[in-house]
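Let's take a friendly walk through a protein chain. Have a look at the sequence and the model as you read.

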Amino acid sequence: MAYRSSTTATGNTITPTGTAPAGVAAGDRLYARVVVDGVRTITPPAPWVSLGKMTVPNGTPDGHTDELFEIKSTDGTESYAFTMDVSNFWCVQVIALTDRHATNAVVKSQTQNNASQATPITIGLTGVTALSGDDLLFMPALNQLAAADNWGFSVVTNFTERHDDTSISWLTVGTQTRD
């Protein structure tokens, strides 16, 4: 199985810091997803590399940053401490995949909707054709209207829910996988 394990950490500081997933081993492929309330600049520790960033502009309703980072082949000594330009609420999800080729490129599709929504929300996944043996990660996020909002995500058909974190002020994030 490609999915090894994952962790979620939350806080309200200038240093969003994740933790190593259980059982992470040399050669695993790591993803760190940093989601922050507000439009922020996130700086990764070496050797993390950004794969893409989405932002919801400030004022719609209050801004949101979601950035995905990768280490193609871990050596087990990496830092999980990222930094931001301003302290704010954050969530860091770290995902370890095993038996993945470090040279294979990641294909990603980002979908964003900045309009106000009411429950239920339907999100369309487009732009990726998976081949046999491919791993799929679905990582939704919502920018909440209030700190006490408590949203969640339904599991996509044939996916496995790994995280559905709804106890984070101003943020709701999730991770689902399909091997």
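The report below goes from the overall fold to the core and then to the aromatic rings.

## The overall fold

Keep in mind that this model is predicted. The chain has 11 strands and zero helices. Of its 179 residues, 38% count as buried.

Sequence neighbours tell just part of the story here.

In soluble globular proteins, nonpolar side chains tend to be buried together. The largest nonpolar core in this chain has 16 residues, and V34, I42, W48, F69 and F82 have the most contacts inside it. Strands β2 (29-37), β5 (64-71) and β7 (88-97) each supply at least two residues of this core. Apart from it lies another core of six residues, including Y31, L51, L68 and I95.

Which residues does V34 touch, leaving aside those up to four places away in sequence? Among them are P16, I42, F69, F82 and V92.

## Rings that meet

Three aromatic pairs are counted in the model. In one of them, the ring centres of W48 and F82 lie 5.8 Å apart with planes at 50 degrees, so the pair is tilted. W48 sits in the loop between β3 (42-43) and β4 (49-56), while F82 is in the loop between β5 and β6 (83-84), 34 residues apart.

F69 and F82 also form a tilted pair, with centres 5.0 Å apart and planes at 45 degrees. F69 belongs to strand β5 and is buried at 0% relative accessibility. Ring pairs link W48, F69, Y80 and F82 into a cluster.

How values were computed: Residues are numbered from 1 along each chain as its sequence is written. This is a predicted model: local features need pLDDT of at least 70, side-chain atom pairs count only at pLDDT 80 or more; totals for chains, interfaces and linings use all residues. Side-chain values use heavy atoms; hydrogens and water are left out. Helices (H or I, at least four residues) and strands (E, at least two) are DSSP runs, numbered from the N terminus. Buried means under 20% relative accessible area, exposed over 50%, partly exposed in between (1.4 Å probe, protein chains only). A nonpolar core is a set of buried Ala, Val, Leu, Ile, Met, Phe, Trp, Tyr and Cys residues joined through side-chain atoms within 4.5 Å. Contact means heavy atoms within 4.5 Å. Rings of Phe, Tyr and Trp (its six-membered ring) pair if their centres lie within 6.5 Å; planes under 30 degrees apart count as stacked, over 60 as edge-to-face and the rest as tilted.
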